[in-house]
Amino acid sequence: MTQVESYFRKELVQELRKIVKMMKEEKNIEKKIYYFSAAYGITSRHYRYSFSGEVLIADLVLNTAYQSLNERLKMIKSGNATVEMNEQVFEKLQDGLLKLADAFESKKPVQAALEYILTVAFSISGPGNYLKEKGMLEV
């Protein structure tokens with residue numbers, strides 16, 4: 001790993017951990033989602049300076065998770081409260097971000113952390129919630 005790659009990886013890990021801290025301290029759902037969006041912001045910046053397929057995939061998963069959170073929030077605000085987006089969802093997303101930071105830091109595969117984040121985000125979609133209620137999806 002080059003010095004540049006090492007620098008940007010360290011920055012990525014620090015930023016992911018900072019995002020988790022900010023999400024934990026925030027009570028407002030919209031603000032939590034806003035902070036979560038910083039996760040794909042940092043991955044997007046990272047791969048532009050030090051490309052990595054793992055970071056590119058992380059960026060795609062984090063962006064998709066953010067879009068799912070935003071879509072569910074819009075539905076809730078419009079009066080459709082069929083699927084909840086409670087504190088537990090954010091706790092699990094925070095856990096996933098910490099797992100991702102740990103994987104990047106230790107240079108281990110990131111797939112399990114990304115699957116976890118994506119599954120949590122999927123659980124607040126209509127199909128995901130249905131599977132969760134049927135007991136087929138656990139997060």
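Reader: What handedness does the crossing of α1 and α4 have?
Author: α1 passes α4 in a left-handed crossing, meaning that the near helix is turned anticlockwise from the far one by less than a right angle; clockwise would be right-handed. The helices here are DSSP runs (H or I, at least four residues), numbered from the N terminus. This is a predicted model, where local features need pLDDT of at least 70, side-chain atom pairs count only at pLDDT 80 or more, and totals for chains, interfaces and linings use all residues. Residues are numbered from 1 along each chain as its sequence is written, and side-chain values use heavy atoms, with hydrogens and water left out.

Reader: At what angle do α1 and α4 pack?
Author: The angle is about 165°, and the axes are 9 Å apart. Axes are lines fitted to C-alpha atoms, for helices over the stretch in contact, and angles run from 0 to 180 degrees between N-to-C directions. α1 and α4 are therefore roughly antiparallel to each other, a label for angles over 145 degrees.

Reader: Which residues meet there?
Author: Among them are Leu-12, Leu-16 and Val-20 in α1, and Leu-97, Leu-100 and Phe-104 in α4. By class, this contact of α1 with α4 has 12 nonpolar, 1 polar and 5 charged residues. Ala, Val, Leu, Ile, Met, Phe, Trp, Tyr, Cys and Pro count as nonpolar, Asp, Glu, Lys and Arg as charged, and the others, Gly among them, as polar.

Reader: What else does Leu-16 touch?
Author: Not counting residues up to four places away in sequence, Leu-16 touches Ala-39, Ile-42, Leu-97, Leu-100, Ala-101 and Phe-104. Contact means heavy atoms within 4.5 Å.

Reader: How many residues are in the largest nonpolar core?
Author: There are 38, and Leu-16 is one of those that touch the most other members, as are Phe-36 and Leu-69. Two or more residues each come from α1, α2, α3, α4 and α5. A nonpolar core is a set of buried Ala, Val, Leu, Ile, Met, Phe, Trp, Tyr and Cys residues joined through side-chain atoms within 4.5 Å.

Reader: New topic. Where is Ser-50, and is Ser-50 buried or exposed?
Author: Ser-50 is in the loop between α2 and α3. Ser-50 counts as buried, because its relative accessibility is 7%; buried is under 20% relative accessible area, exposed over 50%, partly exposed in between (1.4 Å probe, protein chains only). Leaving aside neighbours within four places in sequence, Ser-50 is in contact with Glu-5 and Phe-8.

Reader: How do α2 and α3 pack?
Author: Their angle is about 160° and their axes are 9 Å apart. That crossing is left-handed.

Terms used. Angles under 35 degrees count as roughly parallel, over 145 as roughly antiparallel, 65 to 115 as roughly perpendicular and the rest as oblique.
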